[in-house]
Amino acid sequence: MNTVSVKILDNLYYLGVNDRETNLFENMWPLPDGIAYNSYLITDEKTALLDTVKITKVDGFVDTLKDILGGRDLDYLVIHHMEPDHSGCVKTIMELYPNVTIVTNKKARAMMDDYFDIELDNYIEVKNGDVLDLGERKLNFVMTPMVHWPESMVSYESTDKVLFSQDIFGGYGSLNGTIFDDEMNFEFFRDDIRRYYSNIVGKYSKQAARSLEKVKALDINIICPVHGIIWRTNPDLIVDEYIRLANQVNEEGVIIAYGSMYGNTEKMADYLARFIAEEGIKNVKVYDVSKTNASYILSDIWKYNGLVLGSCTYNNSVYPMMNQLMYILKMNKLKNHVLGIFGSYGWNGGAVKELTEFASEGGTFEVAPTVVDTKGAMKEEDIENLRTLAKEIAEMVRKDDK
C-alpha cells in the first residue's frame, strides 16, 4: 500500500501514491518509470481533501487519510479535475465520510453524474474568483478550461501562497523518495516533464498559455500538482518551463522520423542525417516510427525546431505507423517548426503526396522547398537531392543566423 504522506506546512499534507504497474498512461503513452498521483489534505478549522487518486490505489490512500485526520471528520472534498486518475476514489470517500461537502464547478458536477451517477446532498458550486474559507487557510478558485479538460480548475491558498494546480506543472515518473524540487536534479526529470506536457496538454497549448498568464500573475511560494514534484523552493522554474512549452519555444535541432519496410527509406534517413550533421547541426535524432512509440518522438519534436518526415509508400499511401504519427502531430497543432519531406516507392507512389498534404494541414510549418521522392533504391541524383534538402533544413533551423 505505497501511499506516502509528507507534511508540507502546518495543517497541509501531501498524500501521494506511486503507480509502477500501469504500462500506458491513458492506455497510450508509455510509463517506463511509472507515475505518481498526488492528493493534498488541509486540516484547518475545517478539513479539506484536494482531489483523490486512481481507484487501484484506494486502500493505502484511505488508510493514510484516516491516520492524518486522526478521528476528525472530512468537511470538504475539492475536485479540481474529473479525470479518473484523480477522481477515482470520490465514491469511496463519500461513503466513508457521508457528511462531506463536494466542492467543484458546474462542468465537473455534470461529469460526476456521467461517471458516478451519485446523489449529492452536500455540494458547493464554485466559479472563477470564489473563495472557500477553511479557517486560517482560504482557497481561491481559478477556472482553467481545456487545460486539459473543459472542467479543469486550480485553487490558490492565499495565506501561504500555495497553488493547487491539478494537471498543470505535472510530469511522468514515480517519485522515488524525491517529493520536493529542492531534493531533485531538475534535468533528471525534465524529459519526463516535457513528454508529459506534449502528450497530454500539447493540443491545448493555446488555452494553456492563457491560463499560465493567470498563474504567472499570482504570488506563489509553493506549487502542488497532481502528478510529479511539489515545487516549494523555486516554483518559477516549472512555471517558466511550462510557459516555454505552451508557446512551443524550441531549440536548434532536427528530428528525422521515418517509416520503412525493406530499408530504402531508412537508408535515405541515415544519409540525410549525415548531411545535416555535416552542415553543423549538432542535435540530430533519427526515429523509426515502427520501433519508437510516438510519445517519445512527439516529445523531442517539441524540444527541437526541425522536423523531417520520410515514408515508404504502402498500398498507394503513407506507411501506417507514419500515418499514426502524422495524426498525433496534426492533433497537437504544431508551430515554430521547419518541415522537410522525403520518401520512396516501388511501382506506384503516394506517401510523399500525403506528406506534402500534411505540410499544409498538420500545423504551421516553414517547409523546405526540396522534396525527395525515390523510386526503389537511391540513385546518385537522389543522394544529391538529399544533400540539397539537408542544406535547406540546416539553414532554416540554425538559430544563430536568425
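Which residues does Arg 194 touch, not counting residues up to four places away in sequence? Let's find out in this predicted model.

**Stop one: Arg 194.** Select helix H5, residues 186-201, and pick out Arg 194 within that helix. Now show its neighbours: leaving aside residues up to four places away in sequence, Arg 194 touches Leu 245, Ser 299, Asp 300, Trp 302 and Lys 303. Zoom in on Ser 299, whose backbone oxygen lies 2.9 Å from a polar atom of the Arg 194 side chain. Is Arg 194 buried or exposed? Its relative accessible area is 7%, and under 20% counts as buried, so Arg 194 is buried.

**Stop two: H9 and H10.** Next, select helix H9 (residues 294-303) together with helix H10 (residues 320-331). Their axes are 11 Å apart and the packing angle is about 45 degrees, so the two helices are oblique to each other. Turn the view and you can follow H9 as it passes H10 in a right-handed crossing. To see the contact, show Ala 294, Ile 297, Leu 298 and Ile 301 from H9, then Leu 325, Ile 328 and Leu 329 from H10. Colour these by type: seven are nonpolar, with no polar and no charged residues.

**Stop three: H10 and H11.** On the H10 side, display Met 322, Met 326, Leu 329 and Lys 330; they meet Glu 354, Leu 355, Phe 358 and Glu 361 of H11. Colouring by type gives five nonpolar residues, no polar ones and three charged ones in this contact.

How values were computed:
Residues are numbered from 1 along each chain as its sequence is written. This is a predicted model: local features need pLDDT of at least 70, side-chain atom pairs count only at pLDDT 80 or more; totals for chains, interfaces and linings use all residues. Side-chain values use heavy atoms; hydrogens and water are left out. Axes are lines fitted to C-alpha atoms, for helices over the stretch in contact, and angles run from 0 to 180 degrees between N-to-C directions. Helices (H or I, at least four residues) and strands (E, at least two) are DSSP runs, numbered from the N terminus. Angles under 35 degrees count as roughly parallel, over 145 as roughly antiparallel, 65 to 115 as roughly perpendicular and the rest as oblique. A crossing is left-handed if the near helix is turned anticlockwise from the far one by less than a right angle, and right-handed if clockwise. Contact means heavy atoms within 4.5 Å. Ala, Val, Leu, Ile, Met, Phe, Trp, Tyr, Cys and Pro count as nonpolar, Asp, Glu, Lys and Arg as charged, and the others, Gly among them, as polar. Buried means under 20% relative accessible area, exposed over 50%, partly exposed in between (1.4 Å probe, protein chains only). A polar contact is a pair of N or O atoms within 3.5 Å; within protein, one must be able to donate a hydrogen and the other to accept it, and residues adjacent in sequence count only if both atoms are side-chain atoms.
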